[in-house]
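Trainee: Could you take me through the sheet of this protein, strand by strand? I would like a close look at how its parts are put together.

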Amino acid sequence: MEKKIKINEIEFNISFVNNEYCQNNMAKTVSMSGNIFVNTNLKEDIRANTLLHEIMHVIYHNYSIGTPEEEEKIVESFSNGLFAFLRQNQNFVIEELLGNKKDKYIIS
Ligand SMILES: [Zn+2]
């Protein structure tokens with residue numbers, strides 16, 4: 001199974017691969033070839049969180065957010081926080097952040 005996404009206008013292939021291909025890692029990103037590999041053995045919500053984590057690694061590099069030493073901590077913090085926010089506010093994200101029914105959340 002493969003999906004395509006764009007991160008900062010660059011197309012990435014997302015491949016869901018077996019544990020052996022991932023060498024027992026949860027995921028692996030190869031930015032130079034535009035590939036994100038996610039281990040299919042992960043539980044669904046962990047797999048989704050891991051995918052967001054890998055996307056954040058690409059963004060971290062594209063925007064030169066910090067040093068290589070602080071990358072994992074920053075990516076882990078932002079991806080976990082963003083994942084929880086997205087999961088806990090799905091209607092708000094779809095309607096307000098993605099532009100549908102914008103007036104629904106305005107308190108007058
Ligand atoms: Zn990481």
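Mentor: Happy to! A definition comes in handy here: two strands count as paired if DSSP finds at least two bridges between them. Bear in mind that this is a predicted model.

One of the residues to look for is V30, whose bridge partner in β4 is N35.

Now widen the view to the whole sheet. It is open and has 4 strands, in the order β1-β2-β4-β3, with mixed pairing. At its edges are β1 (2-7) and β3 (27-30), each of which pairs on one side only. From one strand to the next, the twist averages 20°.

The sheet also has a helix against it: α1, residues 44-62, lies across β1, β2 (10-17), β3 and β4. Relative to β3, helix α1 runs at about 25°.

To place the sheet in the chain, read the elements from the N terminus: they go β-β-β-β-α-α-α, for a total of 3 helices and 4 strands. After α3 comes G99, with a positive phi near 100°.

For the protein as a whole, 13% of the 108 residues count as buried, and the C-alpha trace spans about 55 × 30 × 25 Å along its principal axes.

Definitions and conventions
Residues are numbered from 1 along each chain as its sequence is written. This is a predicted model: local features need pLDDT of at least 70, side-chain atom pairs count only at pLDDT 80 or more; totals for chains, interfaces and linings use all residues. Helices (H or I, at least four residues) and strands (E, at least two) are DSSP runs, numbered from the N terminus. Axes are lines fitted to C-alpha atoms, for helices over the stretch in contact, and angles run from 0 to 180 degrees between N-to-C directions. Two residues are in contact if their C-beta atoms, placed from the backbone, lie within 7 Å. A residue is buried if 20 or more other C-beta atoms lie within 10 Å of its own, exposed if 12 or fewer, and partly exposed in between; C-beta atoms are placed from the backbone.
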